[in-house]
Amino acid sequence: MKINSYFFTILLILASGNLFGQLAVQQQDINPDILNTFWPAYWIEDPGSAPVEYGVFHFRKTFDLTEKPDEFIIHVSADNRYQLYVNGNFITYGPSRGDLLHWRFESLDISADLRKGKNVVAAVVWNAGEYRPFSQMTRQTGFILAGNGSAEAMVNTDDSWKIFRNEAYEPISGFDKMLNEFIVVGPGDRVEGKLYPWGWEKPEYDDNSWSLAGMITRGQPRNVGTNGDWMLVPRSIALMQIGHDPFEAVRRSDGIDIDVGDLQSGQDVIVDAHQQVSFLLDQGFLTKSYPRLILSQGKDAEIRFTYAEALFDDQGMKGNRNETEGKKMIGNYDIFIPDGGETRIFSPLWFRTYRYLQVDIITAGEPLLIHQLFSSPTGYPLKENSSFESDNARLSDVWKVGLRTARLCAGEIYYDCPYYEQMQYVGDTRIQALISLYVDGTDQLMRKAIELYDHSRISDGLTQSRYPSSSLQIIPPYSLFWVAMIHDYWYYRDDPGFVESFLPGIRNVLGWFEKRVDDRGMLGPLEWWNFVDWADEWPWDPAKGVGGVPYGVSEGNSSNISLQFAYALDMAAELNKTFGDDHQASRYGELSAKIKKATFDLCWNDQKGLLADSPDKTFFSQHANIFGILTDAVPEDMQKDLMNRIMQDENLIQCTLYFRFYLVQALKKTGMSDLYVDQLEPWFEMLDNGLTTFAEKPDPTRSDCHAWSASPNYDFLATVCGIVPGSPGFRTVRIKPSFGSLKIIKGKLFLPDFNDYIEVDLTRDENKVSGTVYIPEGLSGDFIWNDQSFSLRQGRQKVEY
């Protein structure tokens, strides 16, 4: 079959990962009226549909231009979500997730896709209704688009826009029961091709049968007016990128002889009439993508796409992720029923996460022609601006897989995992933010997350554990790690105004904990879900509906949570002192000292030389002892011996992949970070087991991709190369390398404020180090080796100590 030009246009658009960066408009180019007065555009809807039920809607506006403009800026948003097209060309999707009090809009210059004469701006908008993802906040179905000024006013949304409710779509739900897992990413799509308005986004499409849109209310910026529905604020992060990836292999097939190259070449793969076929595609690595199927004919066939991170054996175990023999596909899915037309493109409304995609086809009375099937990976454009190398090639594999993990867990917000939840949890996000700072240099998602958690605070004072979220969840320790995130940002970015704005929220969080300090000087019994780690010894409690909770929380006097509180108090004291509140800083310091002393006095076991999880001294964990070191609750002269016991005593409740981040911080504090490289065995095991991203926890695990397990991408530069800020705002640098078993390390850390790199290229020979260090102009610092400090100057310099 000869593929038409429209087909190639679609491929070009989907492959243009850099296109969106050229579309985005900076905030300084937004008309101030858009930010400070009611918009000239209205939120619009389908007047014949219930406002909160499931539905997919198409909006169109046709207009004429006397000439192609050099600039045409628009501002666009929707509830729940939209995909925007101009003259048939895909532009972007959104809005960037937030809550109703901070509803994001995108600002775009669409002039490149406009032309003299007739033009069409079109959008598909959907509301997942009762099936919506947990991370999706909503008021009702709606769409809004406003021109930046009078030159663009003809596209402002009002009752001149056309609307069509697309009855081709039905939601597919029940994946949580099928997988017996917590999965809250929204429904699958069942699309009936004969009901679909093919070509709806193109100028030549006849929309005369469409209805006129109903107007809801004018667009309203946050802090404007007396009432509010969606409080509009500008998007604060880059547009998501979309790429093009072919599948790597067909791993098995039934009823059809197919090669993966057949799906890429543009030649037809033909499935005859009245056939039932199946084939399993392997992307070669886990991906977060829109699968794209381009086909013709096949009227009334059923095509099912099923997605999985890995296949399962008869015992429900994943095993080696590369192995498919004797394993079955279990996963969420989409269904498409072709209408028999030519060059149809099927893709779900929202991305899917998969390494394996199983295609099951049942044809009816005519053959089905498959032209191409590929993946369009999408997500936040997290760049690999920094790098790490060593004489151990396995560390390069860890870096590569960790980077993929971080990328798959970065979208409009940070995701804990891209397959099951796509939710932004504080515990995960703190680590993800540091990875972003070190690998890319970007702080966009970090800033957005800090703000969102501040917006999430309940009247008690605590932040929600995950946000945005339509379902309330409170993990009090995660509120403490939100404080730590702000402290991290203060250390890595010279942005005092941003940091200072969160001091009131910090006080509210710490105030909640302070009220729960009992007469013994530790935290008493605590409400909500006090998750610390997915340790096997802290299993899920069906009666309470929680897991990962250390001993002593319900009864009171948990050393784990008490010391995490002290950890946050110390950071808050630093921040308050920096911003001139010496009284509050002193209060926090005194309260922290009181908690540390009480915890050590009540929980220290002289015989074991360990902190217990509670004063009854029955249970002992790595976690409590790690925070005993990080907070100096354990006297400094005892910390190195304690760290050795943490590392050697296998009877301690062990950290999983998540909490090993804090284990490494304790190694660094005790001067034992040379042990870090030898702690990477769990990551090597995941590589050997065929994982292409790092899992939530060691097998058996739910999620094969969890960004908290990508912490080596931070530690390779911050611990092995030893590059960390020497003072708040990264105004100076401190470099203290930890080779461990390595002989050669090379690292580059990108600093966006300098538009330059810190570089280390070092060799260790027994107890000596030599090589070069480069630091940007305007930066100074110290190089630490064998507990001696040597001054660094700007530029490239030799080191030999």
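I began with the open spaces, and the largest pocket came out at a volume of about 1100 Å³. I keep in mind throughout that this is a predicted model. I then looked up the pocket's lining, which comprises 41 residues, and noted that Gln26, Ser236, Ile237, Ala238 and Gln444 are the closest to the pocket centre. Tracing the lining back to secondary structure, I found that helix 2 (19-23), strand 6 (103-109), strand 15 (231-234) and helix 7 (444-456) each contribute at least two residues to the largest pocket. By residue class, I recorded the pocket lining as 16 nonpolar, 13 polar and 12 charged.

The largest cavity has a volume of about 160 Å³, and among the 18 residues that line it I noted Trp126, Ala128, Pro133, Pro187 and Trp350 as the closest to its centre. Strand 2 (55-65) and strand 7 (117-127) are the elements that supply two or more residues to this lining. I sorted the residues around the largest cavity into nine nonpolar, five polar and four charged.

I then examined how helix 8 (residues 476-492) sits against helix 11 (residues 559-578), and found the two packed at an angle of about 35°, with axes 9 Å apart. The crossing of helix 8 past helix 11 is left-handed. From helix 8 I listed Pro477, Leu480, Phe481, Val483, Ala484, Ile486, His487, Trp490 and Tyr491 as contact residues, while helix 11 brings Ile561, Gln564, Phe565, Tyr567, Ala568, Met571, Glu574, Leu575 and Thr578. Sorted by class, the residues of this contact are 14 nonpolar, three polar and one charged.

Last, I followed a sheet of four strands, which is open, has mixed pairing and runs in the order 28-29-33-34. Which strands stand at its edges? They are strand 28 (723-725) and strand 34 (788-792), and because each has a single partner strand, one side of each is left without a neighbour in the sheet. From one strand to the next I noted an average twist of 25°.

Technical notes:
Residues are numbered from 1 along each chain as its sequence is written. This is a predicted model: local features need pLDDT of at least 70, side-chain atom pairs count only at pLDDT 80 or more; totals for chains, interfaces and linings use all residues. Side-chain values use heavy atoms; hydrogens and water are left out. Axes are lines fitted to C-alpha atoms, for helices over the stretch in contact, and angles run from 0 to 180 degrees between N-to-C directions. A crossing is left-handed if the near helix is turned anticlockwise from the far one by less than a right angle, and right-handed if clockwise. Contact means heavy atoms within 4.5 Å. Ala, Val, Leu, Ile, Met, Phe, Trp, Tyr, Cys and Pro count as nonpolar, Asp, Glu, Lys and Arg as charged, and the others, Gly among them, as polar. On a 1 Å grid over the protein atoms alone, a cavity is a set of points where a 1.4 Å probe fits but cannot get out, and a pocket is an open set with protein on both sides within 12 Å along at least five of seven lines; lining residues have an atom within 4 Å of a point. Grid points are joined across faces, edges and corners, and a volume is the space filled by probe spheres set on the points. Two strands pair if DSSP finds at least two bridges between them.
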